[in-house]
Amino acid sequence: MMFMVVALGSVCILLALQYIRSILAVRSLHRQLSEIERGSHMEIAVECRQKDVLVLCRQLNRLRQQWFQDQRQYEKVQKQLKQNITSLAHDIRTPLTGAAGYVQLARECEEPVRRNRYLQTADDRLLELGDMLEELFLYTKLTSEEFEPELCEIQVLPLLSGCLVGLYRQFEEKGVSPEVEFQSENLRVWADAECLRRIFHNLIQNALLHGRGGIVIRQRERCISFENLVSETSRPDPEQIFERFYKADSSRRKGSSGLGLFIVKELTERMGGKAEAELEGEWLRVRLEFPELKEM
């Protein structure tokens, strides 16, 4: 009988010690979590060797590590967002300030030819600004899941020709001409006309703003490629070229929001196609592939 009492007492003492260790471990975890909440980067640890407590400690450390990773990513995104907003504000202000300056010069100029040239330059700056604002508006639409292109069968070459004609003055200022090589002039594609027009416009304008020389547009079977020579100061990274606000040149280029090629990829994929880029020597090549390219 005495033996049973002693054994039962020993068991009670062991259970009591185990309970105390568990309480102390929980309190220790609570203190460490409070330190982490206040900004500490300490790793959670317990002296208790109970299996359940150790499992809990490991899970808390995994959550802690994930939380720090998410926090770093959030801070990185916020920093990048602030930089992008600052850059965009600069990009928008530049053509606006330029247009205002040329309008002022035109007001003060009495020579008709020079005044018209000033007004034409101001008009060009305002067109740049309008195009940038249109890209920003389209960007906000693309970030919404509700945006859906209205697909229909479109003949590619006339639409592309219209985009080239619309940028005639820019080609003239550069002193270059576009080269267009189509295997099939009657090629049709299943796409949204406005989206396709914006894709072509952005790719041509990107070549004019950031390339040196003209642009070569080739169509081979299911693929349409846009090729241009890149300048030494703005060699793009094909892995990043479709990212929003990406610019290969650290200096701000006029008329560029950094959204042009991002919009190209987004619109192409929204229409079921694919956009890829590669840099081969001094040539940047952007390839577009649309679903079910057809010949009439």
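Good morning. I begin with leucine 33, which lies in helix H1, residues 2–37. Helices here are DSSP runs of H or I with at least four residues, strands are runs of E with at least two, and both are numbered from the N terminus. Leucine 33 is partly exposed, because its relative accessible area is 38%. On this scale, buried means under 20% relative accessible area, exposed means over 50%, and partly exposed lies in between, with a 1.4 Å probe and protein chains only. Leucine 33 and leucine 60 are separated by 27 residues in sequence and by 9.0 Å in space, C-alpha to C-alpha.

A word on the source. The model is predicted, so local features need pLDDT of at least 70 and side-chain atom pairs count only at pLDDT 80 or more, whereas totals for chains, interfaces and linings use all residues. Residues are numbered from 1 along each chain as its sequence is written, and side-chain values use heavy atoms, with hydrogens and water left out.

Now the chain as a whole. Its secondary structure comes to seven helices and eight strands. Of its 296 residues, 38% count as buried. Among contacts between residues at least 6 apart in sequence, 65% join residues at least 24 apart; contact means heavy atoms within 4.5 Å.

Two packed helices are described by the angle between their axes and the distance between the axes. The axes are lines fitted to C-alpha atoms, for helices over the stretch in contact, and the angles run from 0 to 180 degrees between N-to-C directions.

How do H6 and H7 cross? Their axes come within 9 Å and cross at roughly 150°. H6 and H7 are therefore roughly antiparallel to each other. Angles under 35 degrees count as roughly parallel, over 145 as roughly antiparallel, 65 to 115 as roughly perpendicular, and the rest as oblique. From H6, Cys195, Arg198, Ile199, Asn202, Leu203 and Asn206 meet Gly260, Leu261, Ile263, Val264, Leu267 and Thr268 of H7. By class, this contact of H6 with H7 has seven nonpolar, four polar and one charged residues. Here Ala, Val, Leu, Ile, Met, Phe, Trp, Tyr, Cys and Pro count as nonpolar, Asp, Glu, Lys and Arg as charged, and the others, Gly among them, as polar.

The second pair is H3, residues 112–142, and H7, residues 260–270, which pack at an angle of about 40° with their axes 11 Å apart. That makes H3 oblique to H7. Glu135, Leu138, Tyr139 and Leu142 of H3 meet a set of H7 residues including Phe262, Glu266 and Arg270. The contact of H3 with H7 has six nonpolar, one polar and three charged residues by class.

Asp131, Glu134, Glu135 and Leu138 of H3 make the contact with Arg198, His201, Asn202 and Gln205 of H6. By class, the contact of H3 with H6 has one nonpolar, three polar and four charged residues.

Finally, which residues of H7 are buried? They are Gly260, Leu261, Phe262, Ile263, Val264, Leu267 and Thr268. The buried residues of H7 pack against H3, helix H6 (193–210), strand S6 (274–280) and strand S7 (283–289). Just after H7, glycine 272 takes a positive phi of about 85°. Thank you.
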